[in-house]
Structures are given as C-alpha cells and as structure tokens.
Amino acid sequence: MLTRTVLRPRILNFNRLLHSSSRINRQLFDPSTVERVSEDVDVCIVGAGPAGLSTAIRLKQLEQKLGKEFRVVVLEKGAEVGSHILSGAVIEPRALDELLPDWALRDDHPLTQAATSSHMRFLTKSLSIPIPHPPQMSNQGNYIVSLSRFTAWLGNIAEEMGVEVYPGFAGAGVVYADDGSVAGVRTNEVGLDRLGCMKESFEPGMEFRAKVTLIAEGAHGSISKELIQNFDLRRNSDPQTYGIGIKEVWRVDPTQYRPGEVVHTMGWPLDFRTYGGGWVYHMADGLVSLGLVIGLDYANPYLSPYKEFQRMKHHPYFAQLLSGNSTRIAYGGRSLNEGGLQSVPQLYFPGGALVGCSAGFVNIAKIKGTHNAMKSGMLAAEAAATVLSQDSSSPADMSRYETALKNSWVWSDLNEVRNLRESFHTPLGIWGGIIYSGIDSLLLKGRTPWTFRNRSRLTDAQHTQPAYRFRPINYPPPQPPLSTDLLTSLTLTGTNHAEDQPVHLRVRKDGVEGTALRNLHVQRNVSEYAGLLQRACPAGVYEYVEDEMAADGWNGHKLVINSQNCIHCKLCDIKVPTQDITWTVPEGGGGPKYTIT
C-alpha cells in the first residue's frame, strides 16, 4: 500500500530545505511553486463509502470478466475506512445481492440483524399514537446495521480484490487537463500550520491522474460542489435540499430490547412548521440506534437540531426505552440529501461522473439511500469499464452511465416517491403535505401526470427567516443520563484534528476572503439571524462571542470557529443564510472516528 513517505521522499527533502522548525523561519506555502508527485491510474474514486467501494469492487469483477487489468484507486479522507460514515441504518440488500451474491456465506459479514417489524408513531408532548406507515417504509427483508462497520467490511473485500484503498488521503481538489476536462484529483497538503506556513513535517499533496475520475464523497462534498458549478450540471434540475440527522447509539436494558424492531416517529418535539421525524432501530447485540432528522429548510433561526433531539428523549416513549440499565455509547451527526429525483444533477462531466450521495439518490419515503448509492456505483463501474476498453485518448465520456441509471430500478425507486417531500414546499404546507404524501404513497404510488418542482429555486439557506419573526425557543437544561450538553456528546464521536493546521471551515464567498467579508458575516448573522450557526451546528464549532476590539467583528461581536470540533456534517455550508461558510477537507485523517454508527 502507498504511504506518504514512500511516495514523496524527494519532495519531502526538497521542501524541508525551505524552512526550519522555528515558526519565525517557516515559509508560507505557495502552491504555484510546489513540485508534486503524480500517479497515473485507470480509475480514481474519491470517497470510500458504500457507493465508492461498490464502484471499485464492480470494476475488479469486470476486470476478471474482460481479461483486462484496471488500476483502481480509492481515496478516503477518514483515518480508516468507515470512520466518517454515519447513518441510521436499515439497509435494503437489493444492490448487495447483485454485487456480492454470496455475501451471506461470508463469515465476517455484518448484516446479522434482520428487521423483524416496522411501526410508525405520531408523538404529542406526552402521547405516542400508532399510525399506519406507507408501504414504501416496509422493512421486510431488510437489515439493521452499523453503516460504519458495513463500509469497513466492503473496504476489506475491495482490497482483497486488488483495489488500492488509501485512508487518510483526502481528495482536496480537481486536476484539470488543458482542454478543461477532469484529469484526476489532488490530495491535501499535510504539515501546514494555521497561518499556512510549512512545518517540519510538511508534505505537499499529490496528484492522481486518471482516465476516469468518479466522485463518491457523499452529500454536499467540496469536489462535487466545484464540478457541479464548473460544468453547470444542475442546469436542468432543482437545487439539492438536505436534512440534518442527529444520532445516538445506546446499549439498552435487556427488558427494553426488541431485536429487529424498526420504529419511525412524526410530530413532537418539532412544531407543525418544521419537517422531520425520529427513528428507533433495535440493532444486534443489545444496541439501539435512535435519532432525529430535521429538514434544513426550517425557517426559525432559534431552532437547535441538537437540543430538539435531546428533549425528544424525554418523551415518555423514549424515556421508557432508555430506562433501567441503559448506557449511551455513541453520538454523531451528518447532512443527508432530501431533494429526490428532481434534484439529481447531470451525472457525468468530461473525464468522469458523480456517484452515490454526491449526486443524491436517497429515497426519502423509505428513509434509505445505501441501496441506490451502491447500484449507482455498479452502473458507473460498468460505464467506466467500457470507456477503458475503448482505449481512447479523448476525455472519458461517461454519458452511458446516466442512461443506464435512468433505465435501472434506481430511477423507478425515486420516481415513485418524487412528489412526497416536494409536496411540503407547495401551497399545501406541512399538514397538506402530510395528507398528500399519505394519499400518494398508499394509493397513487407516483402514478401521476405531475411532478412538483422547486420553481422558485429556493435553497435551504434561503428558507431561513429573520429572527425578529420568532421568539427564542426555551429549551430545557440537560438532564443526564437521558440528555447532556453538546460537548459531552461530542466526546463520543472520537473527533480529532491536528491542533496547528489551517482551518478547514472558511468564511469565503465567490473565492474572496478577508476582514471585510468576516465583518459582514458577523453583522448579518448576529443582527438578522441571531447567530444561527451557534445553535444549528451539532458539534459546537461556531460561536459569536463578545469582543469590542476585534478587527474582523461587528458591534462588539466576532465569530470564533472551533474547527477542531468539526464532525464533517456540512450543515454550516448548507444552512448559513449568508452562504459564506465553505467546508473544505482538513488534513487527511482528521475528523470523527465512528465505529458502530
């Protein structure tokens, strides 16, 4: 396996001549003068999640079938495969059955807990009322898993098949050919201090030049954003919309454990203006996954997704579940795609394609996306294998991938539920959306001549309304062990970033940074939106603190970014009303260390 030391001995030595360990003598990093190692590969995949790994595994299967050899590289920003993966998760094994038909015969597979029952409940402040659930939410034949462990398992299979998987190598930027097509990606620099100067440990990022570049970095990834913008891939689709999922894993008292039970909730603690719902999945080994998803189109800047989830656990239904000898053992949060079929962009660009949640294949009615993400990766692999077999010198044309996906069960899966989430953005409102979704999911099943579209092209950030229209929400204080403060929860994520490195959360707009932009950010977000980010972020990254002397502040306030807390959920980049927070990858390996989530 590649290591940074093996790949860069000459560059390491070259750059270490430029600076000493003294901060005073460190030189500012200039990317235009650095010499980078370049590796030529057939396929470079950014992101070792279920989509990226399914792509890689399918490529190796096709390699054997076609009698050709493909060099397949997967870059993963997490320190280990699976360490940045978070989901509910209930998996529909349809794609897995196609990818690895003998998976159940493997002794080490993690799909050990089948879903045994599915229920839906409407919560008031004190009641839990059983209600019918849509047929799309049936979990017969599905499995309750840790998606982190499932991904690590897929990673082992990929490596056994000859895929080069490199954890800790974050895909940080696109490498473009002279004709403007995508020629690969570069990894992040390592060993820069907070001022952007080279430390003794400095190593420049390297380039992976690929015949086909596939982006599978998950929802709202930084490379996906760049490619969608540069190639105008969303010109014929609606803006992507998102939800934020906050999750915990508990080892519950044996009297409360019902292996295989799946429960989804609506209603309390959210008000009738806010889209979202909760879940309870009884996993294997006495573990229970529970959480809350809130649509990021919520209007009230005083809302705190973390605190909504904490007070949800005090509902009698959850309090009973978590009573007795129950212990919380994990916490996490991430953004997920909610836009559905209407928000899927053009999937291909000159030189490559978008795969999995980089494109957005979550079936929001099923509350599942892993099966679609994996299938999209398999179809992308088949298109890439055809491109490689043609041995053409022109940029890879992956348009056949989009054609194949539109003819697959992924498209029909999303088409059936295309109007359910979007109905909440129509004049029907929340209650009307609930009624329409019930009728469509139970009776119409997508067989309608209409498709609801986001004609105004409003983003989640633009749905945020000024604070003066709302009263602050009086959240109850934490009451351990059911609820705790945010930083206590954060310790359960294992999050770690090198202390002295460039901040990977930048106040940046249209490529511009600086004091003036930061002043404007603080002014608008404090005066108009009551400092939304300090409540919205599920990791305590953002604070608007009093500081009369701050040059980059406003009216005695300044923004503090605790980037070391970041769990890579990307909510800030999506939701901030001023759209001037840019999430970028930190040094490879930094971030959460999920294992059972």
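## Pairing of S13 and S17

In this predicted model, strand S13, residues 242-251, pairs with S17 in the antiparallel sense. The pairing extends over 10 bridges. Among the residues involved is Lys-247, whose bridge partner in S17 is Gly-332.

Strands of a sheet pair through backbone hydrogen bonds, in either a parallel or an antiparallel manner.

## The seven-stranded sheet

S13 and S17 belong to an open sheet formed by seven strands. The order across the sheet is S5-S4-S14-S15-S16-S13-S17, and the pairing is mixed. Its edge strands are S5 (128-131) and S17 (327-337), each of which pairs on one side only. With direction ignored, neighbouring strands of this sheet are turned by 20° against each other on average.

Helix H7, comprising residues 305-312, packs on the sheet. H7 touches S13, S15 (276-282), S16 (287-295) and S17. The direction of helix H7 makes about 135° with that of S16.

## Cavities

A search of the whole structure finds five cavities of 30 Å³ or more. The second largest cavity holds about 70 Å³ of space.

Which residues line the second largest cavity? Its lining consists of Leu-505, Cys-537, Ala-539, Val-541, Tyr-542, Cys-566, Ile-567, Cys-569, Lys-570, Leu-571, Cys-572 and Trp-583. By class, 11 of the lining residues are nonpolar, one is charged and none is polar.

Conventions
Residues numbered from 1 in each chain as written. Predicted model: local features only at pLDDT ≥ 70, side-chain atom pairs only at ≥ 80, totals over all residues. Heavy atoms only, no water. 1 Å grid on protein atoms, 1.4 Å probe; cavity = no way out; pocket = protein on both sides within 12 Å on 5 of 7 lines; lining within 4 Å. Points joined across faces, edges and corners; volume = space filled by probe spheres on them. Nonpolar A, V, L, I, M, F, W, Y, C, P; charged D, E, K, R; others polar. Pairing = 2+ DSSP bridges. Helix = DSSP H or I, 4+ residues; strand = E, 2+ residues; numbered from the N terminus. Axes fitted to C-alpha atoms, helices over the stretch in contact; angles between N-to-C directions. Contact = heavy atoms within 4.5 Å.
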